[in-house]
Amino acid sequence: QSQSGNAAVFKSNSGWEDGRYYCLHNGAQQGSIAKITNTTTGKVIYAKVLDVMPDIKQNAGVILRVSSAAADELGIVDNKFFCTIEYVK
């Protein structure tokens with residue numbers, strides 16, 4: 001599956017030392033690996049899907065949340081960015 005849209009960052013201490021990246025997504029299978037592309041910079045990472053995004057106001061209009069370390073690797077300077085995600089349903 002492939003999807004494009006707005007994404008945001010969630011605060012996480014993991015990933016900085018071990019080079020692992022994590023995300024939250026409502027369509028991808030938990031535990032699977034998703035390919036995430038920052039369409040602005042062209043940078044790509046592979047992130048483990050931890051869970052679905054919580055049904056809260058902050059997630060309205062957001063298709064994906066990535067961990068802080070993943071956002072850093074993608075070159076995200078703001079909390080929100082436009083991305084493409086490829087994943088297994």
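This is a predicted model: local features need pLDDT of at least 70, side-chain atom pairs count only at pLDDT 80 or more; totals for chains, interfaces and linings use all residues.
Reader: How do you know how much of the protein counts as buried?

Author: A residue is buried when its relative accessible area is under 20%. Of the 89 residues, 45% count as buried.

Reader: How do you know whether the radius of gyration agrees with that of a compact globule?

Author: For 89 residues, a compact globule would have a radius of gyration near 12 Å. The protein has 11 Å, which agrees. Along the principal axes, the C-alpha atoms fill a box of roughly 30 × 25 × 25 Å.

Reader: Which elements does the protein have, and how do they run from the N terminus on?

Author: There are 1 helix and 6 strands. The order is β-β-β-β-β-α-β. Among contacts with a separation of 6 or more, 75% are between residues 24 or more positions apart.

Reader: What makes a set of residues a nonpolar core?

Author: The residues must be buried, be of the nonpolar kinds such as Leu, Ile, Val and Cys, and be joined through side-chain atoms within 4.5 Å. The largest nonpolar core here has 22 residues. Cys23, Ile36, Leu64 and Val66 have the most contacts inside this core. Two or more residues each come from β1 (2–10), β3 (33–38), β4 (44–51), β5 (64–67), α1 (68–74) and β6 (80–86). The largest share, 4 residues, comes from α1. In soluble globular proteins, nonpolar side chains tend to be buried together.

Reader: Which residues does Leu64 touch?

Author: Contact means heavy atoms within 4.5 Å. Not counting residues up to four places away in sequence, Leu64 touches Asn6, Ala7, Ala8, Cys23, Leu24, His25, Ile36, Met53, Cys83 and Ile85. Another core, of 6 residues, lies apart from the largest one. Its residues include Phe10, Leu24, Met53 and Val62.

Reader: How many side chains are positive, and how many are negative?

Author: The protein has 9 positive and 8 negative side chains. The centres of the two sets lie 5 Å apart.

Terms used
Residues are numbered from 1 along each chain as its sequence is written. Side-chain values use heavy atoms; hydrogens and water are left out. The radius of gyration is taken over C-alpha atoms; the globule rule is 2.2 Å times the number of residues to the power 0.38. Buried means under 20% relative accessible area, exposed over 50%, partly exposed in between (1.4 Å probe, protein chains only). Lys and Arg count as positive and Asp and Glu as negative; His and the chain ends are not counted. The place of a charge is taken as NZ of Lys, CZ of Arg, CG of Asp or CD of Glu.
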